Amino acid sequence: MDIVAVGDYVNFQMNDDGTGWIDKVFERNNYLSRKAPKIKGTSFRGERLEQIIATNVNKLFIVNSTIQPQFNNRLLDRIIVGAESAKIEPVIIINKIDLIDIKEAEYWIDIYQKCGYKVYLTSAKKKIGIENLRLEIKNSDSVFWGASGVGKSSLLNTLYPELNFKVGEISTQTNKGTHTTVTSVLKEVEPGTIIVDTPGIREIEPYGIKKQDLGHYYIEFSDYLNDCKFNTCTHFHEPGCIVREAVENGDISEERYESYLNLLDTIEDDMIY
Ligand SMILES: Nc1nc2c(ncn2[C@@H]2O[C@H](COP(=O)(O)OP(=O)(O)OP(=O)(O)O)[C@@H](O)[C@H]2O)c(=O)[nH]1
Ligand SMILES: [Mg+2]
Ligand SMILES: [Zn+2]
């Protein structure tokens, strides 16, 4: 785990020449993390390490795009799991609504609102939905996260022009972002309002979640979980699974259940933490 991360409160000492050192890192209230991506130097004895995205935040704004890049509900659900397991409120943003007819997004908006999540529709480019979003951000410590190119930095620039974050192009070949933001940046944009912009991600695998616990982070499952026949039910193939029954009855969205199964499949059976 990282020793110091964006959002940490620290004591530090400065030298006259502008160098300095941190001599104390205060305990974190919470932190958002994922498994470090599969690149060299991010695993230890074969185990992938935990990468911290931000600490001491109370809202996670999950930024999605309509098209360019294409809306990706699997990625969104994985980020929601990251937020729920860290006890950070997830707030969903669907940006670039200037590029589609809003009816095309209603299917997804409905699914997430039924789960109880706030969904903000925005266009950083046409300045749509910006004032409502500003109110949601006000007086909180927020982190913006999502795929590359969805418009995290653009939205923050539209909200707070003085930030002047670098904004990148969308690849014409892949319709994906080009990883413009390369390090996380924390700013106090108004007294009492803190935002963190982060580099876009390609993938996310939540860190430290056991198969039998995953259902707790799909909040709409919570009404059914305790009624499953087995208390270790993973809601996949077990008999007497009430979550699956709720999916069959249409009380839980098929899309969410499919994404749950997809994520369940990536968790190793013998995971011990
Ligand atoms: N049409 C349209 N384009 C947008 C909107 N918001 C952002 N863009 C464009 O999308 C591209 C990517 O925007 P960024 O703000 O760099 O995206 P990001 O999420 O910060 O990307 P990374 O830093 O790579 O993670 C830029 O070309 C923006 O101009 C929007 O609301 N509508
Ligand atoms: Mg960016
Ligand atoms: Zn079950």
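**Overview**

In this predicted model, residues 24 or more positions apart account for 64% of the contacts in the protein chain with a separation of 6 or more. The secondary structure of the chain comprises seven helices and twelve strands. Its domain assignment gives domain 1, residues 53-197, and domain 2, residues 211-266.

**Overall dimensions and burial**

- The protein chain has a radius of gyration of 20 Å, which agrees with the value near 19 Å that a compact globule of 273 residues would have.
- Taken along the principal axes, the C-alpha atoms of the chain fill a box of roughly 70 × 50 × 40 Å.
- Of the 273 residues, 34% count as buried.

**The two domains and their contact**

- A distance of 27 Å separates the C-alpha centres of domain 1 and domain 2.
- Ten residues from domain 1 and nine residues from domain 2 take part in the contact.
- On the side of domain 1 that touches domain 2, α1 (73-85) and α2 (103-115) each supply at least two residues.
- The most is given by α1, which contributes seven residues to that side of domain 1.

**The six-stranded sheet**

- Six strands form an open sheet in the order β9-β8-β7-β10-β12-β11, and the pairing is mixed.
- The edge strands, β9 (119-121) and β11 (185-190), each pair on one side only.
- From one strand to the next, the twist averages 25°.
- Strands β7 and β8 run parallel and are joined by seven bridges; Val63 stands opposite Ile93 in β8.
- Strand β7 (residues 59-65) is mostly covered, with six of its seven residues buried.
- Strand β10 (residues 141-146) pairs with strand β12 (residues 193-197) in the parallel sense over four bridges; Val143 stands opposite Val196 in β12.

**Helices packed on the sheet**

- Helix α3 (residues 130-137) lies across β8 (89-95), β9, β10 and β12. The helix runs at about 145° to β9.
- Helix α4 (residues 152-159) is mostly covered, since six of its eight residues are buried.
- The buried residues of α4 are Lys152, Ser153, Ser154, Leu155, Leu156 and Thr158.

**Glu203, beyond strand β12**

- Glu203 is placed in the loop between β12 and α5 (222-225).
- Is Glu203 buried, exposed or partly exposed? Glu203 counts as partly exposed because it has 13 C-beta neighbours inside 10 Å, whereas a buried residue needs 20 or more and an exposed one has 12 or fewer.
- Glu203 and Lys38 are 165 residues apart in sequence, yet their C-alpha atoms are 10.0 Å apart in space.

Key. Residues are numbered from 1 along each chain as its sequence is written. Chains are lettered from A and ligands numbered from 1 in the order in which they are written. This is a predicted model: local features need pLDDT of at least 70, side-chain atom pairs count only at pLDDT 80 or more; totals for chains, interfaces and linings use all residues. The radius of gyration is taken over C-alpha atoms; the globule rule is 2.2 Å times the number of residues to the power 0.38. Two residues are in contact if their C-beta atoms, placed from the backbone, lie within 7 Å. Domain bounds come from an automatic or database domain assignment. Two strands pair if DSSP finds at least two bridges between them. Axes are lines fitted to C-alpha atoms, for helices over the stretch in contact, and angles run from 0 to 180 degrees between N-to-C directions.
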